[in-house]
Amino acid sequence: MRIVFIGPAAMLPSAMKTYLTYGLAIALAGTVLNLALFFLGYHSDVAKFTTGQVIGGVGGIAIAVICIYLGTRARGAEVPASEPFGYGRALGAGAMIALFAALFSVVTTYLYFHVINPGINDVMMQAQIAKWEAAGLSSDRIEAAEAFMRKMMHPGVQAAFGFIAATITGTVIALITSIFCRREATEAQPPTLA
């Protein structure tokens, strides 16, 4: 007699496991990138912050493209070869990966901004004020913009905007990567008589 323990992950369909796995990979890789930028001083020094934003943005897009592409390919491999894995199915897989990545990113972003690096909001604000001053905005307009920006830095607002931005960006990436992940059904070859 054999006893088999079934955990929550074993009860999920294989498609859902693929979406969860690659969505989590995007969120964790993004967190590692943010931690690297933090430890290298790009998220604590106002002078380096803009460069850190560029590195984080380009790195985040690269992570998403790679993971959505690989996840969509993995989902296509799960579909029997006799069934087509067309553009629509590939796009659906990529969009689901993006959705789970956005959900996981809400948690990892919250932890980063409010537990690991709570001072990042002040660095962001100082960097933005420096940009406004360089653009020649008056002190009255800078004060009004600063008050509005501080309201937008509330954890709930950041989480909502982050979720929406990650979902939209991931879906756009899936629109493109799905072109390369689709495949036609292959016909089963009849057995040959020797």
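## Salt bridges

Glu146 and Arg150 form a salt bridge, and their closest N and O atoms are 3.3 Å apart. The term salt bridge stands for a side-chain nitrogen of Lys or Arg within 4 Å of a carboxyl oxygen of Asp or Glu. The model is a predicted one, in which local features need pLDDT of at least 70 and side-chain atom pairs count only at pLDDT 80 or more, while totals for chains, interfaces and linings use all residues. Residues are numbered from 1 along each chain as its sequence is written, and side-chain values use heavy atoms, with hydrogens and water left out.

Glu146 and Arg150 are separated by about one helical turn because they are 4 residues apart in helix H5. Helices (H or I, at least four residues) and strands (E, at least two) are DSSP runs, numbered from the N terminus. Glu146 is partly exposed, with a relative accessible area of 22%. In this report, buried means under 20% relative accessible area, exposed means over 50%, and partly exposed lies in between (1.4 Å probe, protein chains only). Arg150 is also partly exposed, at a relative accessible area of 40%.

Arg150 has a further salt-bridge partner in Asp122, with 3.6 Å between the closest N and O atoms. Asp122 lies in helix H4 and Arg150 in helix H5, so this pair ties together parts that are 28 residues apart in sequence. Asp122 is partly exposed, with a relative accessible area of 42%. Returning to the pair of Glu146 and Arg150, salt bridges that share partners join Asp122, Glu146 and Arg150 into one network.

A salt bridge also links Arg75 with Glu78, where the closest N and O atoms are 2.9 Å apart. Both residues belong to helix H2, and their 3-residue spacing puts about one helical turn between them. Arg75 counts as buried at 15% relative accessibility, whereas Glu78 is partly exposed at a relative accessible area of 32%.

| Pair | Closest N and O atoms |
|---|---|
| Arg75 and Glu78 | 2.9 Å |
| Asp122 and Arg150 | 3.6 Å |
| Glu146 and Arg150 | 3.3 Å |

## The chain as a whole

The protein chain has 6 helices and 0 strands, and its pattern along the sequence reads α-α-α-α-α-α. Its C-alpha trace spans about 85 × 45 × 25 Å along the principal axes.

Of the 194 residues, 29% count as buried. Among contacts with a separation of 6 or more, 74% involve residues 24 or more positions apart; a contact means heavy atoms within 4.5 Å.

## Pocket and cavity

The largest pocket contains about 1,200 Å³ of space. It is lined by 40 residues, and those closest to its centre are Asn34, Gly56, Thr109, Phe113 and Gly162. On a 1 Å grid over the protein atoms alone, a pocket is an open set of points with protein on both sides within 12 Å along at least five of seven lines, while a cavity is a set where a 1.4 Å probe fits but cannot get out; lining residues have an atom within 4 Å of a point. Grid points are joined across faces, edges and corners, and a volume is the space filled by probe spheres set on the points.

Helix H2 (46-78) is among the helices that supply at least two residues of the pocket lining, and H2 gives the most, with 10 residues. By class, the pocket lining has 24 nonpolar, 16 polar and no charged residues. Here Ala, Val, Leu, Ile, Met, Phe, Trp, Tyr, Cys and Pro count as nonpolar, Asp, Glu, Lys and Arg as charged, and the others, Gly among them, as polar.

The structure holds 1 cavity of 30 Å³ or more. The largest cavity has a volume of about 50 Å³, and its lining residues include Val106, Tyr110, His114 and Pro155. Helix H3 (87-116) and helix H6 (155-181) are the elements that give two or more residues to this lining, with the largest share, 5 residues, coming from H3. The cavity lining has 5 nonpolar, 3 polar and no charged residues.
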